[in-house]
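Here is a short note to go with the model you are about to open.

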Amino acid sequence: MKFVLKWLLNGVIVVTLLMYYADVPFINALIAATALTLIAYFVGDQVILRATNNAVATLSDAILAFLFLWLASYSMNWALSFGEILIITLILGVAEWFLHRYVLQGKLSVQTS
């Protein structure tokens, strides 16, 4: 369930902004959002978040998103500027912060039950 929530959240942000900023076709934007979500979920949420805290995991997710979008933009020849990638990353970072808080609250309520 947490993965689906992360995928939907990242999908809405990444797909919408890739289509808006770089005129990326919907299917390509969806594939990029899905790939980013898979990497961020397994690295950021399953490894880093469990080992550290929300701030570290959110920063890691943001750095990962920036690098992923920069590499995807370069390799796919998308017209994304540094600033546009940064804006997408910042929006994703804020969304991830709240998502991690939700995930951590879920863990806390399960542990106290």
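1. Helices here are DSSP runs of H or I with at least four residues, strands are runs of E with at least two, and both are numbered from the N terminus. With that in hand, the chain has 4 helices and 0 strands, and its elements run α-α-α-α from the N terminus on. The radius of gyration is 14 Å, close to the 13 Å of the globule rule for 113 residues, so the chain is as compact as a globular protein of that length. That radius is taken over C-alpha atoms, and the globule rule is 2.2 Å times the number of residues to the power 0.38.

2. Before going further, please keep in mind that this is a predicted model, in which local features need pLDDT of at least 70 and side-chain atom pairs count only at pLDDT 80 or more, while totals for chains, interfaces and linings use all residues. Residues are numbered from 1 along each chain as its sequence is written, and side-chain values use heavy atoms, leaving out hydrogens and water.

3. On overall dimensions, the C-alpha atoms fill a box of roughly 50 × 20 × 20 Å along the principal axes. Of the 113 residues, 40% count as buried. Buried means under 20% relative accessible area, exposed means over 50%, and partly exposed lies in between (1.4 Å probe, protein chains only).

4. Helix α1 covers residues 2-22, and its end C-alpha atoms are 29 Å apart, in agreement with the 30 Å that its 21 residues should span. The expected span is 1.5 Å times one less than the number of residues. Buried residues of α1 include Lys 6, Asn 10, Ile 13 and Leu 17. After α1 comes Asp 23, with a positive phi near 55 degrees.

5. A salt bridge of 2.5 Å, N to O, joins Lys 6 and Glu 96, the latter in helix α4 (residues 82-112) and 90 residues away. Together, Lys 6, Asp 45, Asp 61 and Glu 96 make up the network.

6. Asn 53 sits in the loop between α2 and α3 and is partly exposed at 40%. Its side chain reaches the backbone nitrogen of Val 56 at 3.0 Å, and a polar atom of that side chain lies 3.2 Å from the backbone nitrogen of Ala 55. Asn 54, found in helix α3 (residues 54-76), is buried at 7%. The side chain of Asn 54 makes a polar contact with that of His 100 at 3.1 Å. A polar contact is a pair of N or O atoms within 3.5 Å; within protein, one must be able to donate a hydrogen and the other to accept it, and residues adjacent in sequence count only if both atoms are side-chain atoms.

Methods: Salt bridge = Lys/Arg side-chain N within 4 Å of Asp/Glu carboxyl O.
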